Amino acid sequence: MKTLFTISWRNIWRHPARSSVLLAAIIVGLWAGVVTVGIINGLMQQRIDYMIESEITHAQVHNPDFLAEGYSWLYIPDHDEITAWLENDDRVTSFTSRTITDGMLQSPIKTSGVRIRGINIDSEIRTTNFHENIVEGEYLDSDIRNAVIIGQKLANDHNVEVGNRIVLTFEDTGNELTSGSFNIAGIFKSASVDYDERNVFIRSDEFIALLGDEEVYHEIGIMLADEELAGPVVEELNEAFPGIHAQTWRQLSPELSMLVELGGYMVILITMIIMIALAFGILNTMLMALFERMREIGMLLSIGMSRLRVFSMIMLESIILTITGAAVGIILATLSINYFSDTGINLEMFAEGAAQVGWDHIIYPILSSTEYIIILAVVVIITLLASVYPAIKGIRINPLEAAKDG
Amino acid sequence: MAIVRTEKLSKVYNPDTVPVHALRDVSIEINEGEFTAVRGPSGSGKTTLLNMIGGLDKPTSGNVFINGQEISKMKDSKRIDFRLQNIGFVFQHYNLIPVFTARENVSFIMLLQKRNKKEIQQRADELLEQVGLGERKDARPVQLSGGQQQRVAVARALASEPKFILADEPTANLDTESAMNLLDIMEKMNHEQNVTFVFSTHDQRVIDRARRVITMVDGAIHKDEIQHTDEKQDA
């Protein structure tokens with residue numbers, strides 16, 4: 001085996017330029033692939049973290065019909081019992097109750113459909129970091145009466161700014177149309193332009209006063225010690241309170257959940273595309289090397305080297321070349337990912353476009369150990385497949401090639 | 001006892017299209033210690049005969065016995081192993097492994113035979129000394145002249161301790177001095193160690209030194225004669 005390894009290794013370096021080019025292609029290809037996968041993962045994780053931490057939270061509780069219909073009278077029954085249950089559960093790190101309904105926003109120039117979110121400032125700040133999105137003015141903890149914060153896109157569309165007034169119109173819990181005049185205290189800019197266009201925030205106590213006589217809540221957002229706890233907590237809530245519908249973030253946002261699954265497929269897909277392209281390079285190089293060595297391989301077979309050994313020798317050449325390239329490529333990629341996972345990759349030039357689809361322009365690439373293993377497995381499998389054909393060609397060489405002229 | 005024996009050996013290429021009769025009922029015997037040249041013009045069948053004797057090709061009909069063992073009916077893998085243990089090859093184009101040194105080239109065949117490492121090193125060094133390349137054992141083929149490369153090839157052929165050595169046009173690419181030097185070495189080994197050599201050649205320098213000369217014409221043996229060289233008389 002040592003001899004086979006030696007002969008294979010030296011055969012690789014018989015044409016240093018050719019092998020170096022192939023090695024460089026493997027290194028750069030794999031580095032680019034791994035870093036791309038890391039960036040995609042980073043983008044997905046950023047989206048997931050942002051959505052969970054700023055809005056969705058790990059789990060939510062609603063009236064079973066609220067999400068489909070959005071009426072203010074579809075509030076959560078047993079709200080106080082549920083919050084008491086949450087307060088006593090160690091897995092729950094924080095929660096916040098929200099009063100929500102769909103309505104209309106009127107400004108002097110136009111009217112838009114919006115979702116009005118009444119929030120409890122203290123518990124909201126403990127539970128989400130949405131308040132960090134304020135880009136102008138203040139959050140709802142300002143002294144302004146009937147304060148509202150609106151998204152930057154909505155503010156631009158309505159040509160309004162901090163200090164202006166808008167009117168919010170909605171149905172109250174008694175099914176009556178109600179309006180309220182609100183003062184713009186602040187303007188927020190989240191990672192999603194779409195979200196900024198469709199949501200406004202007011203204080204829940206002021207909202208409740210307009211909605212009806214009783215204190216009603218339509219949503220409880222819950223943050224847990226670990227994302228993995230969402231499933232069990234939701235299950236227990238649904239069992240304990242049959243009149244509600246508790247859901248995990250994956251259930252609430254299937255597109256977000258799909259992103260996570262997609263991430264897994266992307267690793268395999270991107271690595272496979274890169275490796276298939278490289279496989280043709282390996283195949284081409286190995287076939288060229290083989291055709292140049294027909295007489296030599298004929299000689300090896302003549303003097304008594306078994307076809308299995310010839311097969312192994314050719315396979316080893318491809319494997320050594322690819323494994324060397326893959327190892328260097330992955331080391332470089334790991335170093336790059338580790339570096340950028342701290343500093344982030346600043347895609348300032350794409351900031352506007354990224355914001356349109358809800359992404360921040362600073363990306364922190366991530367790659368799990370499982371993904372490294374998947375990438376290595378794909379590299380090894382495709383290399384083996386690419387090496388088999390030249391190796392089979394090699395063992396079919398007639399020993400008489402050794403005696404041929406020319 | 002004959003080391004090599006062929007019985008009515010025939011080889012027809014392209015039997016279904018344009019048949020070419022490379023060998024026609026060739027029956028010969030080669031005994032241990034012979035220094036035999038197979039001569040003939042191009043296309044006379046001398047290389048085909050050597051390929052059959054070396055187990056590199058299969059006859060259309062007839063048999064090849066090496067040390068009493070029929071090799072033409074052997075399975076491919078068995079024949080490869082048989083060649084490894086019993087036959088040494090020297091090719092016209094030397095066919096050394098270019099990425100190996102002279103010593104590694106000679107050792108390689110013994111490694112295939114799975115011999116003891118110490119024994120391999122020792123024997124490789126001895127053989128390179130015998131062919132006059134003791135000082136060049138770490139040189140790669142590209143650093144050696146044609147004559148030196150062919151001497152390494154002879155050392156490699158001897159390394160496996162074969163029953164006989166087949167040399168296909170061994171001097172064809174060598175100048176006179178190198179050719180004579182190579183023939184001296186092979187003759188010496190034949191004399192001193194009783195190594196059996198069979199050459200295919202149309203080089204008069206080789207034919208003059210051979211003790212037995214088989215002449216082939218149109219795939220058949222035309223003449224099989226013993227030459228009384230000085231060496232033979234000494235023997």
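Predicted model: local features only at pLDDT ≥ 70, side-chain atom pairs only at ≥ 80, totals over all residues.
**Two chains and a helix pair**

The crossing of α5(B) and α6(B) is right-handed. Helix α5 of chain B runs through residues 146-159, and helix α6 of chain B through residues 176-193. Two packed helices are described by the angle between their axes and the distance between the axes. Here the angle is about 20° and the axes lie 9 Å apart. Angles under 35 degrees count as roughly parallel, and α5(B) and α6(B) are therefore roughly parallel to each other. On the α5(B) side, the residues that meet the partner helix are B:G146, B:G147, B:Q150, B:R151, B:V154 and B:L158. Facing them from α6(B) are B:S178, B:N181, B:L182, B:I185, B:M186 and B:M189.

A box of roughly 50 × 40 × 35 Å, taken along the principal axes, holds the C-alpha atoms of chain B. The radius of gyration of chain B is 17 Å, which agrees with the value near 18 Å that a compact globule of 235 residues would have. Of those 235 residues, 48% are buried. When contacts in chain B between residues at least 6 apart in sequence are considered, 70% of them join residues at least 24 apart.

Along the principal axes, the C-alpha trace of chain A spans about 105 × 45 × 30 Å. Chain A is divided into domain 1, made of residues 2-51 and 257-403, and domain 2, made of residues 64-243. The C-alpha centres of these two domains of chain A are 50 Å apart. Buried residues account for 42% of the 406 in chain A. Among contacts in chain A with a separation of 6 or more, 80% involve residues 24 or more positions apart.

Finally, the two chains touch. In this interface, 19 residues of chain A are in contact with 21 residues of chain B. On the chain A side, α1 (2-12) and α12 (294-303) each supply at least two residues. The largest share of that side, six residues, comes from α12(A).

Definitions and conventions. Residues numbered from 1 in each chain as written. Chains lettered and ligands numbered in written order. Rg over C-alpha atoms; globule rule 2.2 N^0.38 Å. Buried ≥ 20, exposed ≤ 12 C-beta atoms within 10 Å, placed from the backbone. Contact = placed C-beta atoms within 7 Å. Domains from an automatic or database assignment. Axes fitted to C-alpha atoms, helices over the stretch in contact; angles between N-to-C directions. Helix = DSSP H or I, 4+ residues; strand = E, 2+ residues; numbered from the N terminus. Parallel < 35°, antiparallel > 145°, perpendicular 65-115°, else oblique. Left-handed = near helix turned anticlockwise from the far one by under 90°.
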